[in-house]
Amino acid sequence: MAEPIPAQKAPYNVTVEEGKRYFWCACGRSSNQPFCDGSHKDTGITPMLFTAEKTEELWFCGCKATGGKPFCDGTHNTL
């Protein structure tokens, strides 16, 4: 299994829409960060499904090392 690679060492600020499904990129290889574009194929890493409960602004992890997947927990500050 491949290791996740940091897409960036900062979170992504995204406004999500209530009821919409999002697939957070867990591998760091997607060109559609912070969301999956299928680039994880053959890495053994799978994206994480997130369904928005309400329309709001959220901070998705960009370093892929967060303990609170898919959201930023500040881990990027220690990388």
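**Figure 1. Secondary structure of the protein chain.** This predicted model has zero helices and four strands. From the N terminus, the order of elements is β-β-β-β. The radius of gyration is 12 Å, close to the 12 Å that the globule rule gives for 79 residues, so the chain is as compact as a globular protein of that length. The C-alpha trace spans about 35 × 30 × 20 Å along its principal axes.

Figure 2. Of the 79 residues, 34% count as buried. Among contacts with a separation of 6 or more, 58% join residues 24 or more positions apart. The accessible surface is about 4700 Å², and carbon and sulfur atoms contribute 48% of this. The chain carries 8 positive and 9 negative charges, whose mean positions lie 6 Å apart.

**Figure 3. The ring pair Tyr22 and Phe50.** The structure holds six aromatic pairs. Tyr22 sits in strand 2 (residues 21–24) and Phe50 in strand 3 (residues 48–51), so the pair ties together parts 28 residues apart in sequence. Tyr22 is buried at 8% relative accessible area. Phe50 is buried at 15%.

**Figure 4. The ring pair Phe60 and Phe71.** The ring centres are 5.3 Å apart and the planes stand at 40 degrees, so this pair is tilted. Phe60 belongs to strand 4 (residues 56–60), while Phe71 lies in the segment after strand 4; the pair therefore ties together parts eleven residues apart in sequence. Phe60 is buried, with 0% relative accessibility. Phe71 is partly exposed at 27%.

**Figure 5. The aromatic cluster.** Ring pairs link Tyr22, Phe35, Phe50, Phe60 and Phe71.

How values were computed: Residues are numbered from 1 along each chain as its sequence is written. This is a predicted model: local features need pLDDT of at least 70, side-chain atom pairs count only at pLDDT 80 or more; totals for chains, interfaces and linings use all residues. Side-chain values use heavy atoms; hydrogens and water are left out. Helices (H or I, at least four residues) and strands (E, at least two) are DSSP runs, numbered from the N terminus. The radius of gyration is taken over C-alpha atoms; the globule rule is 2.2 Å times the number of residues to the power 0.38. Buried means under 20% relative accessible area, exposed over 50%, partly exposed in between (1.4 Å probe, protein chains only). Contact means heavy atoms within 4.5 Å. Accessible areas come from the Shrake-Rupley method with a 1.4 Å probe; for residues, only the protein chains shown count as cover. Lys and Arg count as positive and Asp and Glu as negative; His and the chain ends are not counted. The place of a charge is taken as NZ of Lys, CZ of Arg, CG of Asp or CD of Glu. Rings of Phe, Tyr and Trp (its six-membered ring) pair if their centres lie within 6.5 Å; planes under 30 degrees apart count as stacked, over 60 as edge-to-face and the rest as tilted.
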